[in-house]
Each structure stands twice: as structure tokens, then as C-alpha cells.
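Q: I have a sequence and a structure open, and I am new to both. How do I start reading them?

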Amino acid sequence: MARDVALQARAARTGEAVFSIYTWMRPTLSFGRNQTAAGLYDLERIRAAKIDVVRRPTGGRAILHHREVTYSVTAPIEDESLHTTYSAINRILQLRLSTLGVLVEAAAGSPRVEAPDIRPCFESPAKGELVADGAKLVGSAQWRENGALLQHGSILVDDDQSSLLNLAVTPVGSESWSPPASMQSLLGRAPDAAEVAIAMRDAVRALEDAELTDLDEREVRAAMFERVPQFLDEGWTWRR
């Protein structure tokens, strides 16, 4: 999360966009920027399950980062609306998910954004999020600040999101849980992060920048570590 915030600041400074694909070293529960977590999630239960916790700089509801691939996009904002940039990123995702054998479309959804609550992110799609056979496969959220955007997204490789229901202070029954889509359920196999990353790189090259290059991580490393303490601070993570 610190790296993504540093990249957002870099986008504002340099005018360059960065598309990243990554996975998480340990199972991690991330809360959305404005999501209420204090009093709703049981920290001791989370620790007992050996799950790390972080708060995202982007919005939305809780996600378990484990059997999934995360993407982030940072870019300068010119005159594009949120809808325009969201749609451009969706085109990249749709193109390369289709080459992997997964056909997705943008959910119609409601234009009204619901307040983040105890329900996991993948319970239902918001307007514009990508679904396969009517079930959510990619959850995305965008944050804009100081002339640059940061969009996060999670692509489910396999479905373990219902386990979040057991981490609530008052566990929620899974009887009404509608399983999201996953690469495993759609393809019968679980692509690894490298396969997904290569596919996304090809899509960025085809749709956005034929001359794209790899980022020198040394450019963002120092700026990233300036922001690390915030994301490691439990008081900040559980501030709401």
C-alpha cells in the first residue's frame, strides 16, 4: 500500500502512469479507505487465523488478499472523468482476461455507492466492476488526490472470501452468501501471478503504450518507506 501511494505521488510529479500486478506475502485483510472496522471485526480472531491487516488508500469493502492477484494503476489526471479512466482500465483487464479464456463484462449495478459495511467486497458487484456469468470476478476502486489517481483491483484466482464472515465480532452466516466468480471456477485451473502479469503487460502495450518499459523500483523505494509507518500503525488501520 505504501508503494502504491508513492507511485500516485510519482504520477503527479512526472506525468507517467504505472500498471502493477502483485500478490501478498501472507494472507492479508484489507479495509477500504472509509470502511468502519473498529467494533465490527474481531482483531484477536484475525490474529488467530494468522491474517495480517492493512487499510487501503482506496475505497470499498473488506477483501482477503490470498488466493487472488492484485493490480494497481497510478496515473496523472488530465481532463478525464472517473468513469473514463475506470473504463480504460477495464478494457485492459477485459482484453487479457479474454486471452486467458475468461469473458467478463462491466456490471450494470446501481450508480449510488453504498456505505462500506461488514459485507465483503466480493458479495456483490458495484456499477462498472467486472463480472463473469453474473458473478463478480474483479473488484476495483479508485482514489484521486493532488492531480493523480490510484486504482486498486483484486482478481480472484480462487474463492476464499466467505471466510471473512467468520472474522466479524458477530460472525455472519454464509447461508445467504452468493459465491463470486474465480479463475478456478471459470477455467478449472488457477493461473499464477506471473501468467496474469504477462497477459496484462501485453494488454497495456496493445491498448495504451507500445513503448512501455519496466519501472526502476529504486525510483519509488525511498518515497515508499516514508509511508510505511502509517500502514503498519494499528491505530491508523483501526481508526474507524
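A: Start with strand pairing. Two strands pair if DSSP finds at least two bridges between them. Keep in mind that this is a predicted model.

Q: Which residue in strand 9 is the bridge partner of serine 140?

A: Serine 140 has glycine 153 of strand 9 as its bridge partner. That bridge belongs to a wider pairing. Strand 8 and strand 9 run antiparallel and are joined by eight bridges.

Q: How many bridges join strand 5 to strand 9?

A: Nine bridges join strand 5 (residues 68-76) to strand 9 (residues 148-156). These two strands also run antiparallel. Valine 73 is bridged to glutamine 151 in strand 9. Proline 76 stands opposite alanine 148, also in strand 9.

Q: What is the strand order in the open sheet of six strands?

A: Read across the sheet, the order is 1-5-9-8-7-6, and the pairing is antiparallel. Strand 1 (18-22) and strand 6 (105-106) stand at the edges. Each has a single partner strand, so one side of each has no neighbour in the sheet.

Q: Is strand 9 enclosed or open to the outside, and why?

A: Check burial residue by residue. Nine of the nine residues of strand 9 are buried, so the strand is largely enclosed by the rest of the structure. Both faces are covered. Ala148, Leu150, His152, Ser154 and Leu156 are buried on one side. Leu149, Gln151, Gly153 and Ile155 are buried on the other.

Q: Which strands does helix 3 lie across?

A: Helix 3 (residues 82-99) lies across strand 1, strand 5, strand 6, strand 7 (130-132), strand 8 (135-145) and strand 9. Its angle to strand 8 is about 140 degrees. Serine 98 has a relative accessible area of 31%, so it counts as partly exposed. Serine 98 and arginine 189 are 91 residues apart in sequence, and their C-alpha atoms are 15 Å apart in space.

Q: How should I think about nonpolar side chains?

A: In soluble globular proteins, nonpolar side chains tend to be buried together. Now look for such groups here. The largest nonpolar core has 29 residues. Leu93, Leu97, Leu137, Val138 and Ile155 have the most contacts inside it.

Q: Which elements give two or more residues to this core?

A: They are strand 5, helix 3, strand 7, strand 8, strand 9 and helix 5 (193-207). Helix 5 gives the largest share, five residues.

Q: What does leucine 93 touch?

A: Leave aside residues up to four places away in sequence. Leucine 93 then touches Phe19, Tyr71, Leu130, Val138, Ile155 and Met200. Another core, of 11 residues, lies apart from the largest one. Among its residues are Tyr41, Leu64, Leu167 and Trp238.

Q: How do I describe two aromatic rings?

A: A pair of aromatic rings is described by the distance of the centres and the angle of the planes. A search of the whole structure finds five aromatic pairs. In one of them, phenylalanine 31 and tyrosine 41 are 5.0 Å apart centre to centre, with 50 degrees between the planes. That pair is tilted. It links distant parts of the chain, 10 residues apart. Phenylalanine 31 is in strand 2 (residues 28-31), while tyrosine 41 is in the loop between strand 2 and helix 2 (43-48). Both residues are buried. Ring pairs also link Phe31, Tyr41 and Trp238 into a cluster.

Q: What kind of pair do phenylalanine 231 and tryptophan 236 form?

A: Their pair is edge-to-face: 5.4 Å centre to centre, 75 degrees between the planes. Phenylalanine 231 is buried, at 8% relative accessible area. Tryptophan 236 counts as partly exposed, at 21%.

Q: Where does the charged end of arginine 239 sit?

A: Arginine 239 has its charged end over the ring of tryptophan 236, 4.3 Å from the ring centre. Elsewhere, lysine 136 lies over the face of phenylalanine 122, 5.3 Å from the ring centre.

Q: What should I know about phi in the turns?

A: Most residues other than glycine have a negative phi, and most peptide bonds are trans. Aspartate 133 is not a glycine, yet its phi is positive, about 55 degrees. It lies in the loop between strand 7 and strand 8. At 78% relative accessibility, aspartate 133 is exposed. Next, strand 8 and strand 9 form a hairpin with two residues between them. Asparagine 146, in that turn, has a positive phi of about 50 degrees. Asparagine 146 is exposed, at 68% relative accessibility.

Key
Residues numbered from 1 in each chain as written. Predicted model: local features only at pLDDT ≥ 70, side-chain atom pairs only at ≥ 80, totals over all residues. Heavy atoms only, no water. Phe/Tyr/Trp six-rings, centres within 6.5 Å; stacked < 30°, edge-to-face > 60°. Helix = DSSP H or I, 4+ residues; strand = E, 2+ residues; numbered from the N terminus. Buried < 20%, exposed > 50% of the residue type's maximum accessible area, 1.4 Å probe, protein only. Lys NZ or Arg CZ within 6 Å of the ring centre and 35° of its normal. Contact = heavy atoms within 4.5 Å. Axes fitted to C-alpha atoms, helices over the stretch in contact; angles between N-to-C directions. Core = buried A, V, L, I, M, F, W, Y, C linked by side-chain atoms within 4.5 Å.
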